[in-house]
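Please consult the sequence and structure shown here alongside the text.

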Amino acid sequence: MDSPAQQIKERLPIEEIISSYLKLIPAGRNFKAKCPFHNEKTPSFFVSPERNSYYCFGCGAKGDIFTFVEEFEGLDFRGALKLLAERAGVTLAPYNQKTADEKERLYQAVAEAAKYFEQNLNPDVLKYLESRGLEEKTIRDFRIGFALDDWRGLYQHLKSKFTDRELELSGLIKKIEGKTGYYDRFRKRIIFPITDSSGRVIAFSGRIFGEGEPKYLNSPDTPIFSKQLVLYGLDRAKESIRKNNFSILVEGQMDLVLSHQAGFRNTVATSGTALSDPATMTENVISNLSLVRRLSENIVLAFDADKAGLRAAERAGRIALSLSMDVKVAALPPDIDPADLIARSGADAWREAIRNSKHLILFMLDKAGDIAQGDGRKMVRLIREKVLPYVGALQSSVEQAYFLQKISDFSGTPATALKEDLEKIPISSAERAEIQNIPAEDSPPYRKDNILRRLLGIILWQRDLAESEIDLEKILKELEEILNRSSVDILRDAADSGEDWIFEAEVLYGAGDSLGRDVQELLYNLKEEYLKEVLFKKAGELEKAERERAPERSRMILEEINVINKEIEEIANKRLNHK
Ligand SMILES: [Zn+2]
């Protein structure tokens, strides 16, 4: 009997899966496309139906339908498995044998909680939701629910099926401080389930019903939910983002739900205030936006015009620009958020706001004009502080020139003077530095981790067998060399997620006789990824040395780069000899 993963692979041709995400162009026996994992103008991403795999000559991305869906959707292996199993009509065995690990139990707990909240919706809450413009069908579709004004409603309901520890870990209950016992985290709140991109509920966001603080409460970070990485509604929006070739980014759950109801199914929301919260790492904002960018490079920001909303829009906008996205800002009337606009003025008003959206730089320029009110010196200062940084974030010098001309036309400042100012913008804040660190040809952050995870999964799995099919000692030694860490350390870090990784390894590599070769390939790939990382760092150092006119340093770095390039070449040769 084939493993579920193999059944899925047999039923779903790789070109069919990938073409549901990208436009594939026939190229002989293969297909090609613009790579979703790095920025490029001409296609170097190839899909081979014969080999059931894909490969990008630009960035080295490669794999099967599982890796593709994982990397494209930002899912873990189980998420990808669930999503593809549904498409293939393959039933996955319910997950509660001995291997039903902690994570799976947490998924089950939040799924049960979601049902419970839905059942608790009462006429009062429904009336309120309808007064905010929500239709009954929308409420059902989005599985909006209610947490009763009760300290232990949910806890009592789930107690017999889950342990206290599981319920606490899933963020559903909290310990009473200084005492024994637990209480519900969400009380007297309208509940919006948060799902990952395969549609699994992973957390909740609760809006207070009536009076109370705080107005919005989200699940804490849990083993299945990271606040920093989730875009609300992506699972429902992705089809429409691809089809319409743009996404709309709003702030709150209400905005999102109403925008969908108004016909804009390409809307996603930042969960809570993640983007405006300065504590949210730039790296995480980048991952959030990269997810959307893979679906379409065009994005419309529709944030409240309040201070926090504006800050979030500015930050997200700057980062999106530096990711080479086309960023527009919706034309919202002052002091009104998308939810209220739709509820009060209807879907047409929302459509107009989207249709009249303006490029972020022109939007900032207009705003500067409004504030300066004809004061020339003020205008110059505002342009330097509030507009030019965005121009600086643009990756293309052609685009930069275009906007400098626009700003020049608007303000009367010569474009050459603006260009000089642009070059003088100090590289001060950490954020700017981080943005500048985004490689123009960015490889997805997942790849190196994916490879390492699979290798460790295979090692942990084989180690537990009476007789291993592969030379574990030799593999661990190679890993030590690549990672420059002791195998004890490497394995200790892996132990936490061990069950998950073993599961993945068994499913992927369990029924075949090529494990040895697969492991070798994974090792090559991992080494390559590490070398590329070093290479990228060196390229940055070289640029700096040249800017600072330090020829001796430049020469040394160049030599180092040559050595690394040779090593990468060697790996390619070894690979060829192996085949
Ligand atoms: Zn690529």
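## Positive phi in loop residues

In this predicted model, Q373 lies in the loop that joins α15 (360–372) to α16 (376–393). Its phi is near 50 degrees, a positive value in a residue other than glycine. Q373 counts as exposed because its relative accessibility is 66%, above the 50% cut-off.

R549 is likewise not a glycine, yet has a positive phi of about 50 degrees. With a relative accessible area of 74%, R549 is exposed.

## A cis peptide bond

The peptide bond from E213 to P214 is cis, and its omega is near -15 degrees. P214 is placed in the loop between β10 (201–208) and β11 (216–218).

## The bend in helix α14

Helix α14 comprises 18 residues, 338–355. A straight helix would reach 26 Å at 1.5 Å a residue, but the end C-alpha atoms of α14 are only 14 Å apart. At S345, α14 bends by about 130 degrees.

Which residues of α14 are buried? They are P338, A339, L341, I342, W350, A353 and I354.

Key: Residues are numbered from 1 along each chain as its sequence is written. This is a predicted model: local features need pLDDT of at least 70, side-chain atom pairs count only at pLDDT 80 or more; totals for chains, interfaces and linings use all residues. Side-chain values use heavy atoms; hydrogens and water are left out. Helices (H or I, at least four residues) and strands (E, at least two) are DSSP runs, numbered from the N terminus. Buried means under 20% relative accessible area, exposed over 50%, partly exposed in between (1.4 Å probe, protein chains only). The expected span of a helix is 1.5 Å times one less than its number of residues. The bend at a residue is the angle between axes fitted to the seven residues ending there and the seven starting there.
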